[in-house]
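Welcome! Please take a moment to look over the sequence and the structure before reading on.

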Amino acid sequence: MKKILIIRFSSIGDIVLTTPVVRCLKKQLNVELHYLTKSSFAGMLNANAYVDKVHTIAKEIDAELIKNLKAENFDFIVDLHNNLRTLRLKRALKIPSKAFPKLNIQKWLLVNLKLNRMPDIHIVDRYMETVRHLGVKNDGAGLDYFIPEEAQVDLSRLPEPQAKGYVGIVIGGQHATKMMPLEKLIEVCEKLNEAIVLLGGPEDAECGEQIALELGDKVYNACGKFKLDESASLVQQANWIISHDTGLMHIAAAFKKRIVSVWGNTVPELGMYPYLPDPQSKMLEIKGLSCRPCSKIGHAKCPKGHFKCMQHEVDEMVAW
């Protein structure tokens with residue numbers, strides 16, 4: 001094979017989790033490697049040293065995209081998204097392909113009946129199964145995240161306490177039930193004996209500001225002030241990371257950071273826990289709740305109204 005197309009449309013964490021497949025394909029088969037994703041995530045892949053070309057979609061697959069991809073004359077498609085859109089695309093391109101198993105039935109059983117039939121392997125290893133028949137093996141090197149030089153954050157830009165070193169706390173998340181409540185975040189920050197940088201997107205800026213107002217100079221609110229690659233640079237330079245189940249958690253794992261991952265309505269059994277981070281990392285979850293997991297993704301609010309899954313013991317979280 002000379003040219004392979006990988007497909008994964010979204011999101012930040014999911015794309016980072018595909019990077020071992022990207023690297024192993026490139027290094028072991030020495031192919032020309034293209035990647036199809038949503039335009040909003042193209043920047044992550046443009047910087048990837050193992051990706052030769054990035055193709056993008058805005059929302060839907062259109063005739064022009066199909067025409068452009070046909071012109072590339074790919075030998076094989078590695079479908080790491082596996083939905084109706086990728087099925088339509090593969091049918092249009094008429095190229096040999098392999099899709100990773102999404103295990104939707106097993107996920108439904110775990111979420112709705114609390115029956116765990118999920119395989120005890122990480123999603124990265126399930127991704128790797130799609131290329132095993134090509135002779136490609138997992139090299140065990142973990143995840144990749146490439147930061148362009150211009151996105152590297154000089155820590156002298158930060159306030160003096162954080163410029164000397166800090167704990168990074170990822171306060172955001174794609175869904176509210178993945179995130180600790182404001183009062184819990186404040187409690188965590190109060191108990192830490194180190195300077196803190198709060199990490200998240202523009203949607204997390206207000207919450208971060210409330211925490212910073214409560215704690216003063218000990219906390220720097222970086223939410224919404226830095227682009228994704230810059231936030232990744234702040235993750236890379238942190239002493240260690242506290243994070244919800246979100247994209248920056250997987251970026252932290254790519255940098256082999258020591259991570260305390262805090263789990264709410266989702267569970268590690270779904271296979272998307274931090275992959276090969278610092279071995280001192282730990283996952284915090286409140287087990288024994290009959291309502292958990294209540295979703296494979298998340299909700300805008302707790303369906304039961306009590307949000308018990310995020311009432312973690314703060315002392316355990318800040319033990320370092």
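This short report looks at one helix, a pocket and some salt bridges in a predicted model.

Let's begin with helix H4, which spans residues 63-71. Leu65, Ile66 and Leu69 are buried here. Viewed down the helix axis, the buried residues fall within an arc of 100 degrees, so they line one face of H4. Ala63, Glu64, Lys67 and Ala71, on the other side, are exposed.

What do the buried residues of H4 pack against? Their partners are strands E1 (3-7), E2 (32-38) and E3 (53-57), together with helix H5 (84-93). After H4 comes asparagine 73, with a positive phi near 55 degrees.

## The largest pocket

Next, find the largest pocket, with a volume of about 1,000 Å³. It is lined by 43 residues, and Ser11, Gly13, Asp14, Gln174 and Lys178 are the closest to its centre. Helices H1 (12-17), H7 (123-129), H11 (228-237) and H12 (247-254) each give two or more residues to the lining. By class, the lining holds 16 nonpolar, 16 polar and 11 charged residues.

## Salt bridges

The whole structure has 15 salt bridges. One of them joins lysine 26 and aspartate 52, at 2.6 Å from N to O. This pair links distant parts of the chain: lysine 26 sits in helix H2 (residues 19-29), and aspartate 52 lies in the loop between helix H3 (42-46) and E3. Lysine 26 counts as buried at 18% relative accessibility, while aspartate 52, at 42%, counts as partly exposed.

Another salt bridge pairs glutamate 187 with lysine 184. Both lie in helix H9 (residues 182-191), 3 residues apart, about one turn of the helix.

How values were computed
Residues are numbered from 1 along each chain as its sequence is written. This is a predicted model: local features need pLDDT of at least 70, side-chain atom pairs count only at pLDDT 80 or more; totals for chains, interfaces and linings use all residues. Side-chain values use heavy atoms; hydrogens and water are left out. Buried means under 20% relative accessible area, exposed over 50%, partly exposed in between (1.4 Å probe, protein chains only). Helices (H or I, at least four residues) and strands (E, at least two) are DSSP runs, numbered from the N terminus. The arc is that of the directions from the helix axis to the C-beta atoms. Contact means heavy atoms within 4.5 Å. On a 1 Å grid over the protein atoms alone, a cavity is a set of points where a 1.4 Å probe fits but cannot get out, and a pocket is an open set with protein on both sides within 12 Å along at least five of seven lines; lining residues have an atom within 4 Å of a point. Grid points are joined across faces, edges and corners, and a volume is the space filled by probe spheres set on the points. Ala, Val, Leu, Ile, Met, Phe, Trp, Tyr, Cys and Pro count as nonpolar, Asp, Glu, Lys and Arg as charged, and the others, Gly among them, as polar. A salt bridge is a side-chain nitrogen of Lys or Arg within 4 Å of a carboxyl oxygen of Asp or Glu.
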